[in-house]
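This short report is written for a reader who is meeting the structure for the first time. Please keep the sequence and the model in view while reading.

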Amino acid sequence: MAYLNDRQIDLMATAALNSYEMSADWSSAFQAAQEFAIDELNMRPNRTAVLLALKIAKVKWMAIRQSVKRQTQANFI
C-alpha cells in the first residue's frame, strides 16, 4: 500500500478548493479531491487522506475570505 505524500495531499486540497469555488458544496469538493488522486496521481486515496485534503481546502478558503474581508474594510476607511 502506497501512501500519499504532503505535496500530493496539497494538490488534492487545491482540486477540492477549486471545486468548492465553482459549486459552493463541500461534498462536491470531497469528490473532486478523490477523483483528482485517482485520475492525476494514479492512486486510490483512503478516506482519511481525502478528509485531510478537504480540511486543508477549508483552511485555505477561510484565508481567502479573511483576505477579501480585510481588503473590503480597507477600502471603506
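## The two sides of helix 2

Which exposed residues does the face of helix 2 turned away from its buried side carry? In this predicted model, that face carries Ser 27 and Asp 39, both of them exposed.

The buried residues of helix 2 are Ala 29, Phe 30, Ala 32, Ala 33 and Ala 37. When the helix is seen down its axis, these buried residues fall within an arc of 165°, so they line one face of helix 2. The neighbours against which they pack are helix 1, residues 6-23, and helix 3, residues 47-76.

## The length of helix 2 and what follows

Helix 2 runs over residues 26-40, which makes 15 residues, and at 1.5 Å a residue it should span 21 Å.

## Gln 31 within the helix

Gln 31 is also part of helix 2, and with a relative accessibility of 44% it counts as partly exposed, because that class lies between the limits of 20% for buried and 50% for exposed. Along the chain, Gln 31 and Ser 19 are 12 residues apart, while their C-alpha atoms are separated by 9.0 Å.

## A network of charged side chains

Side chains of opposite charge can pair when their charged atoms come close. How many salt bridges does the count come to? The count comes to two, and Asp 10 takes part in one with Arg 7, at 3.8 Å from N to O, and in another with Lys 60, at 2.9 Å from N to O. Since Lys 60 lies in helix 3 and Asp 10 in helix 1, their pairing ties together parts that are 50 residues apart in sequence. Through the partners that these salt bridges share, Arg 7, Asp 10 and Lys 60 are joined into one network.

The pair formed by Asp 10 and Arg 7 lies within helix 1, where the two residues are three residues apart, about one turn of the helix. As for accessibility, Arg 7 counts as exposed at 53% relative accessibility, whereas Asp 10 counts as partly exposed at 25%, and Lys 60 likewise counts as partly exposed, at 28%.

Key: Residues numbered from 1 in each chain as written. Predicted model: local features only at pLDDT ≥ 70, side-chain atom pairs only at ≥ 80, totals over all residues. Heavy atoms only, no water. Helix = DSSP H or I, 4+ residues; strand = E, 2+ residues; numbered from the N terminus. Expected span 1.5 Å × (residues − 1). Buried < 20%, exposed > 50% of the residue type's maximum accessible area, 1.4 Å probe, protein only. Arc of directions from axis to C-beta. Contact = heavy atoms within 4.5 Å. Salt bridge = Lys/Arg side-chain N within 4 Å of Asp/Glu carboxyl O.
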